[in-house]
Amino acid sequence: MIEKRRARDVKQEKKLMRRPLLHEEISQYIKEAILTGELKPGDRIVETRLAQELGVSQAPVREAIRELEFSGLVEQKPFSGTYVKQIAVQEMRQFYEVRGALEKLGAECAVRRMTSAQYEELETVIFAMEKAAREHDVPEYIKSDARFHDLIVAASQNELLGRLWELCNIRSWLHVGTALTGRDLPELASRHRDIFDALQSGDLEQLRDSVDAHLGDLLEMIRERVEEPAL
């Protein structure tokens, strides 16, 4: 009986390994390559080569590239192809300005509506982020980081704000921003405690200041490492 179960588990595992990759997974694969430096600004992304490497058709690769182009991580050059984008410091500044405005509104609304269970969930996410940072698990860190900010906006119970927040594609920009700060992950993770404490305090001015400081400091870290106009 045990041997049969093991054989069935192995068969299921092989079946899962053979399943087609979704475009979201391919997009994540490319993001990781950009984050780790395997793909550098200016590098060309060849659809056929990537499809062959991943063992998929070109359709999901093309869809993943369109998603990355929309988020600003890659760009299409006429008669040339797709390239990893040279992201300017000005673009990062603009992103943080828009994100900051949305996040402050979301946090202000959330302060009046968050339950004790939501605060507990938020703190659990911080613990997960700090653990991933200590282990230098970048994908898990990005996931927890995005989850932290997503939960705050979701707690605002403002559906229009939630849709605008999704359009900002926060997770993609987190990949870029995290890599470009050049700071250790534990240092970046610890910075979320100020926002959490401000939420719990209910002090709206402190809350706005903590969000501004969080994003402003990230931009300053990037400026320290990179000369304008390009990252």
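Trainee: What makes Cys-168 count as buried?

Mentor: Quick background: this is a predicted model, where local features need pLDDT of at least 70, side-chain atom pairs count only at pLDDT 80 or more, and totals for chains, interfaces and linings use all residues. Residues are numbered from 1 along each chain as its sequence is written, and side-chain values use heavy atoms, leaving out hydrogens and water. Now, buried means under 20% relative accessible area, exposed over 50%, and partly exposed in between (1.4 Å probe, protein chains only). Cys-168 has 16% relative accessibility, so it counts as buried. Cys-109, with 10%, is therefore buried too.

Trainee: How many disulfides are there?

Mentor: Zero, going by the rule that a disulfide is a pair of cysteine sulfur atoms within 2.5 Å.

Trainee: Why is α6 called roughly antiparallel to α7?

Mentor: The axes of α6 (residues 116-134) and α7 (residues 138-155) cross at roughly 160° and come within 8 Å. Angles under 35 degrees count as roughly parallel, over 145 as roughly antiparallel, 65 to 115 as roughly perpendicular, and the rest as oblique. So α6 is roughly antiparallel to α7.

Trainee: What is the place of His-136, and is it buried or exposed?

Mentor: His-136 sits in the loop between α6 and α7. Its relative accessibility is 56%, so His-136 counts as exposed. Its phi is near 50°, a positive value in a residue other than glycine.

Trainee: And how do you know whether Phe-79 is buried or exposed?

Mentor: Phe-79 has a relative accessible area of 92%, so it is exposed. You'll find Phe-79 in the loop between β2 (74-77) and β3 (81-84).

Key:
Axes are lines fitted to C-alpha atoms, for helices over the stretch in contact, and angles run from 0 to 180 degrees between N-to-C directions. Helices (H or I, at least four residues) and strands (E, at least two) are DSSP runs, numbered from the N terminus.
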